[in-house]
Amino acid sequence: MLRIRAYLFFALAVCLFGIEAEARANDQYEIVTNPGVHEKTLSVNSLRSIFSMHLKTWPDGTKIRVFVLSDDDQLHQSVSKEKLNVFPYQLRSTWDRLVFSGTGQAPIKVNSSEEMLAKVASTPGAIGYLWRANINENVNVLEIK
């Protein structure tokens, strides 16, 4: 009986650790904007509309400039799956359809988190995402609800 309790305790500990690890993974990055963007919170649906390139202006009329990392980048994959609830290839398909049909354009691709920080910080209306370790006072962090 003692052995069964030990196994159950171990299994519970493993489950709880897995849940905590997943929660920490979601908290390691943030959606960031240019300091000139006045929005402080954004709904998940609005975030999806922005990154699918359907929502093109902020409420004050400023053009939204979307910056993304490459499809195979770990941060891009995490944001796509966890914040936008789509796979990176689904986003790429949406962007390609807009470009090839002539009805829109793809987001601006950057090559690194450092370039993401520099572009979002210096481009009016910009939005992107960064690992928390790369965030500084040159960008604003959006709360996603």
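Biologist: What is the relative accessible area of Phe87, and how is this residue classed?

Modeller: Phe87 has a relative accessible area of 42% and is partly exposed. The class follows from the cut-offs, because a residue is buried under 20%, exposed over 50% and partly exposed in between. Tyr89, at 58% relative accessibility, therefore counts as exposed. Please keep in mind that this is a predicted model.

Biologist: What describes a pair of aromatic rings?

Modeller: Such a pair is described by the distance between the ring centres and the angle between the ring planes. In this structure there are 3 aromatic pairs. One of them joins Tyr29 and Trp131, with 6.3 Å from centre to centre and 75° between the planes, an edge-to-face arrangement. This pair connects distant parts of the chain, since Tyr29 belongs to strand S1 (residues 29-33) and Trp131 to strand S5 (residues 126-131), 102 residues apart. Tyr29 is buried, at a relative accessible area of 1%, whereas Trp131 is partly exposed, at 25% relative accessibility. A further pair consists of Phe87 and Tyr89: their ring centres are 5.8 Å apart and their planes stand at 15°, so this pair is stacked.

Biologist: Where do nonpolar side chains tend to be found in soluble globular proteins?

Modeller: In soluble globular proteins, they tend to be buried together. Here the largest nonpolar core has 31 residues, and those with the most contacts inside it are Ile50, Phe51, Val66, Met116, Ile127 and Tyr129. Several elements give two or more residues to this core, among them S1, helix H2 (44-51), strand S3 (65-68) and S5. The largest share, 4 residues, comes from S5.

Biologist: Which residues does Met116 touch, beyond those up to four places away in sequence?

Modeller: Met116 touches Phe67, Val68, Leu69, Val110, Gly128, Tyr129 and Leu130. Met116 lies in helix H5 (residues 113-122) and is buried, with a relative accessible area of 0%. The C-alpha atoms of Met116 and Gly128 are 7.0 Å apart, although 12 residues separate them along the chain. Tyr129 has contacts of its own beyond four places in sequence, including Glu30, Phe51, Leu75, Val79 and Met116.

Biologist: Which strands pair with S5, and in what sense?

Modeller: S1 and S5 run antiparallel and are joined by 5 bridges. Within this pairing, Val32 has Gly128 as its bridge partner in S5. S3 and S5 pair in the parallel sense, over 2 bridges, and there the bridge partner of Arg65 is Ala126.

Biologist: Why is S5 described as largely enclosed by the rest of the structure?

Modeller: The reason is that 5 of the 6 residues of S5 are buried.

Biologist: Which residues of a helix point the same way?

Modeller: An α-helix has 3.6 residues a turn, so residues three or four places apart point the same way. In H2, the buried residues are Leu47, Ile50 and Phe51. Viewed down the axis of H2, these buried residues fall within an arc of 90°, so they line one face of the helix.

Biologist: What follows H2?

Modeller: H2 is followed by Met53, whose phi is positive, near 70°.

Methods:
Residues numbered from 1 in each chain as written. Predicted model: local features only at pLDDT ≥ 70, side-chain atom pairs only at ≥ 80, totals over all residues. Heavy atoms only, no water. Phe/Tyr/Trp six-rings, centres within 6.5 Å; stacked < 30°, edge-to-face > 60°. Buried < 20%, exposed > 50% of the residue type's maximum accessible area, 1.4 Å probe, protein only. Contact = heavy atoms within 4.5 Å. Core = buried A, V, L, I, M, F, W, Y, C linked by side-chain atoms within 4.5 Å. Pairing = 2+ DSSP bridges. Arc of directions from axis to C-beta.
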